[in-house]
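Student: Hi! Please walk me through this one, starting wherever you like.

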Amino acid sequence: HTSDAAPERASEPAPSGVHGDEVIALLISLGIPAHAAECYLPALILNGFDSASALGTFTPGDVERFGIKEGHGRLLLQHAKHIHETRASGGHSHGKASASGSKP
């Protein structure tokens, strides 16, 4: 069972590390079962989808390219849409908010 082809597909053991933990936690929080999230993780990390922000750029083409199940892909795309809408509205809802410079 040695295959060097298409390393971007989810078929290798999940890498460990902070990025992997963050991605797994996010996938599970989106409603993707842990066993499926662990299967998707190697390909996601390998291709730079190693943070919530990176997953926020996910596209329908990425769902197909990574072999992600349709329902799980919809959850990821919903997350990406939410991230995009938050950025478009100027909302940096991550961390401390600063009210300076917002006078009427």
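Predicted model: local features only at pLDDT ≥ 70, side-chain atom pairs only at ≥ 80, totals over all residues.

Student: Does Gly-56 count as buried or exposed?
Tutor: Gly-56 counts as buried, because its relative accessibility is 10%. Buried means under 20% relative accessible area, exposed means over 50%, and partly exposed is in between, using a 1.4 Å probe and protein chains only.

Student: Good. Where does Gly-56 lie?
Tutor: Gly-56 is in the loop between H3 and helix H4 (60–65). Helices here are DSSP runs of H or I with at least four residues, strands are runs of E with at least two, and both are numbered from the N terminus.

Student: And which residues is Gly-56 in contact with?
Tutor: Setting aside neighbours within four places in sequence, Gly-56 is in contact with His-79, Ala-80 and Ile-83. Contact means heavy atoms within 4.5 Å. Gly-56 and His-79 are 23 residues apart in sequence, yet their C-alpha atoms are 6.2 Å apart in space.

Student: Let's zoom out. How many helices and strands are in the protein chain?
Tutor: The protein chain has 5 helices and 0 strands. Along the sequence, that gives the pattern α-α-α-α-α.

Student: What share of the residues is buried?
Tutor: 28% of the 104 residues in the protein chain count as buried. The chain exposes about 7,100 Å², with carbon and sulfur atoms supplying 55% of that. Those areas come from the Shrake-Rupley method with a 1.4 Å probe, and for residues only the protein chains shown count as cover.

Student: Now the core. Which residues touch the most other members of the largest nonpolar core?
Tutor: That core has 20 residues, and Leu-27, Leu-44, Leu-55, Phe-58 and Ile-68 touch the most other members. A nonpolar core is a set of buried Ala, Val, Leu, Ile, Met, Phe, Trp, Tyr and Cys residues joined through side-chain atoms within 4.5 Å.

Student: Which elements give two or more residues to this core?
Tutor: They are helix H1 (18–29), helix H2 (34–46), helix H3 (52–55) and H5. H2 gives the most to this core, with 6 residues.

Student: You mentioned Phe-58. What is Phe-58 in contact with?
Tutor: Leaving out neighbours within four places in sequence, Phe-58 is in contact with several residues, including Leu-44, Phe-49, Phe-66 and Ile-68. Phe-58 counts as buried because its relative accessibility is 5%.

Student: How many aromatic pairs does the structure hold?
Tutor: It holds 3 aromatic pairs. One of them joins Phe-49 and Phe-58 edge-to-face, at 5.0 Å centre to centre and 70 degrees between the planes. Rings of Phe, Tyr and Trp (its six-membered ring) pair if their centres lie within 6.5 Å; planes under 30 degrees apart count as stacked, over 60 as edge-to-face and the rest as tilted.

Student: Why does the pair of Phe-58 and Phe-66 count as stacked?
Tutor: Phe-58 and Phe-66 are stacked because their planes are at 20 degrees, with ring centres 5.9 Å apart. Ring pairs link Phe-49, Phe-58 and Phe-66 into a cluster. Phe-49 counts as buried because its relative accessibility is 9%, and Phe-66 counts as buried because its value is 2%.

Student: New topic: how many salt bridges are there?
Tutor: There are 2 salt bridges. A salt bridge is a side-chain nitrogen of Lys or Arg within 4 Å of a carboxyl oxygen of Asp or Glu. In one, Arg-74 pairs with Glu-70, with the closest N and O atoms 2.6 Å apart. Both of these residues lie in helix H5, 4 residues apart, about one turn of the helix.

Student: And which residue forms a salt bridge with Arg-65?
Tutor: Asp-62 does, with the closest N and O atoms 3.7 Å apart. Arg-65 and Asp-62 are separated by about one helical turn, because they are 3 residues apart in helix H4.

Definitions and conventions: Residues numbered from 1 in each chain as written. Heavy atoms only, no water.
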